[in-house]
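Me: I would like to go through this model and ask, for each label that is used, what it rests on. Please set the values against the cut-offs as we go.

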Amino acid sequence: MSTDIVTDVFEEHRPVLLEVAYRMLGRVADAEDVVQEAWLRWTGGDRAEVRDPRGFLVRVTTRLAIDRLRQVKARNEAYVGPWLPEPYVTDFGDTVPDTAERAVLADTVSLAVLVVLESLSPLERAVFVLREAFGYPYADIATMLDRGEPAVRQLAGRARKHVDERKPRYDVDPVERRDLTERFLAAASEGDLEGLMSLLAPDVRLVGDSGGKTRAPLRIVESAEKVGRFLIGAAEKGVPEVSFRFFEVNGGPALLATVDGRPDSVFQLEILDGHIQSIYVIRNPDKLRSLDLD
């Protein structure tokens, strides 16, 4: 296999490798590091016996991600305040033409699901990602993880049950989410507490992730009254030269706030029965560096 073909084969599969690694780690930089290590394994190893390059590369990437996940879990124990995944710009474009497949990919990369996946063991998370997001048969997953198929089925069942029990319910209609996000922005920006309260579910939750590096609640804010007053209070303090734009992260519409042209915050809402159920606010500057929206 010539050098050009080796590179072309890897680049063909790079997008799916990054998708696997990000779902495993919830961090763009870590996912990119894992994919780069997979590239080194691909170019430095013996490819003579590789009959399925995609399967081989996904296996290598998954195993590397498991190792990296075990390292970062210790890092998270010292994290200041609530933890949220790093925003991941998603644009499935023509690569995922099937609507049902798009819905599955969007769900498995959502902020809500990735937060739940943090509580799984690395092996459970790997099985969940490979099975639920990418549809790999149990036998293939067993080979990738060097486990017996019965053990993999047990891991999959345990992971699926865990996610189903802890994942918040929400509606995934992107048009409704975009509409409510626009109304949310208008009400909060104008200091319209009554209008804002009409959009919030009674048990709404606001989860802010600053990592202790900028201003954000260090605990989850719960209830419409507390969330509404917090948002109005924050808006009244004001930030000069702030601007907002819509883009898609983690499979759904989101708001990016920029200050002096630099990313400052990402807001994403989860909707249920026409009301805002969850508000995710990511302000940790380390998690906004990878946003390239030019």
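Reply: We can begin with Lys213, which has its place in the loop between β1 (200-209) and β2 (221-222); please keep in mind that this is a predicted model.

Me: What makes Lys213 count as exposed?

Reply: The relative accessibility of Lys213 is 51%, and exposed means over 50%, so Lys213 counts as exposed.

Me: Why does Thr61 count as buried?

Reply: Thr61, which lies in helix α3, has a relative accessibility of 0%; buried means under 20%, and Thr61 therefore counts as buried. Leaving out residues up to four places away in sequence, Thr61 touches Leu17, Ala21, Val34 and Ala38.

Me: Why is the pair of Phe10 and Trp39 called edge-to-face?

Reply: A pair of aromatic rings is described by the distance of the centres and the angle of the planes. By the rule applied here, the count comes to 3 aromatic pairs. For Phe10 and Trp39 the ring centres are 5.2 Å apart and the planes stand at 65°; centres within 6.5 Å make a pair and planes over 60 degrees apart count as edge-to-face, so this pair is edge-to-face. Phe10 belongs to helix α1 (residues 3-25) and Trp39 to helix α2 (residues 28-44), so the pair ties together parts that are 29 residues apart in sequence. Both Phe10 and Trp39 are buried.

Me: And why is the pair of Trp42 and Phe56 called tilted?

Reply: Here the centres are 5.9 Å apart, and the planes are at 50°; that angle falls between the limits of 30 degrees for stacked and 60 for edge-to-face, so the pair of Trp42 and Phe56 is tilted. The pair links distant parts of the chain, with Trp42 in helix α2 and Phe56 in helix α3 (residues 53-76), 14 residues apart.

Me: How do you know that Trp42 and Phe56 are buried?

Reply: The relative accessible area is 1% for Trp42 and 19% for Phe56, and since buried means under 20%, Trp42 is buried and Phe56 is buried as well.

Me: What makes α7 and α8 roughly perpendicular to each other?

Reply: The axes of helix α7 (residues 138-145) and helix α8 (residues 149-166) come within 9 Å and cross at roughly 105°. Angles of 65 to 115 degrees count as roughly perpendicular, and α7 and α8 are therefore described that way. In this contact, Tyr138, Ala139, Ile141 and Ala142 of α7 meet Glu149, Val152, Arg153 and Ala156 of α8; by class there are 6 nonpolar, no polar and 2 charged residues.

Me: Why are α6 and α8 called roughly perpendicular?

Reply: Helix α6 (residues 122-133) packs with α8 at an angle of about 85°, the axes being 8 Å apart. That angle lies in the range of 65 to 115 degrees, so α6 and α8 are roughly perpendicular to each other. The residues that make the contact include Leu123, Val127 and Phe128 of α6 and Leu155, Ala159 and Val163 of α8, and by class the contact has 8 nonpolar, no polar and 4 charged residues.

Key. Residues numbered from 1 in each chain as written. Predicted model: local features only at pLDDT ≥ 70, side-chain atom pairs only at ≥ 80, totals over all residues. Heavy atoms only, no water. Axes fitted to C-alpha atoms, helices over the stretch in contact; angles between N-to-C directions. Helix = DSSP H or I, 4+ residues; strand = E, 2+ residues; numbered from the N terminus. Parallel < 35°, antiparallel > 145°, perpendicular 65-115°, else oblique. Contact = heavy atoms within 4.5 Å. Nonpolar A, V, L, I, M, F, W, Y, C, P; charged D, E, K, R; others polar. Phe/Tyr/Trp six-rings, centres within 6.5 Å; stacked < 30°, edge-to-face > 60°. Buried < 20%, exposed > 50% of the residue type's maximum accessible area, 1.4 Å probe, protein only.
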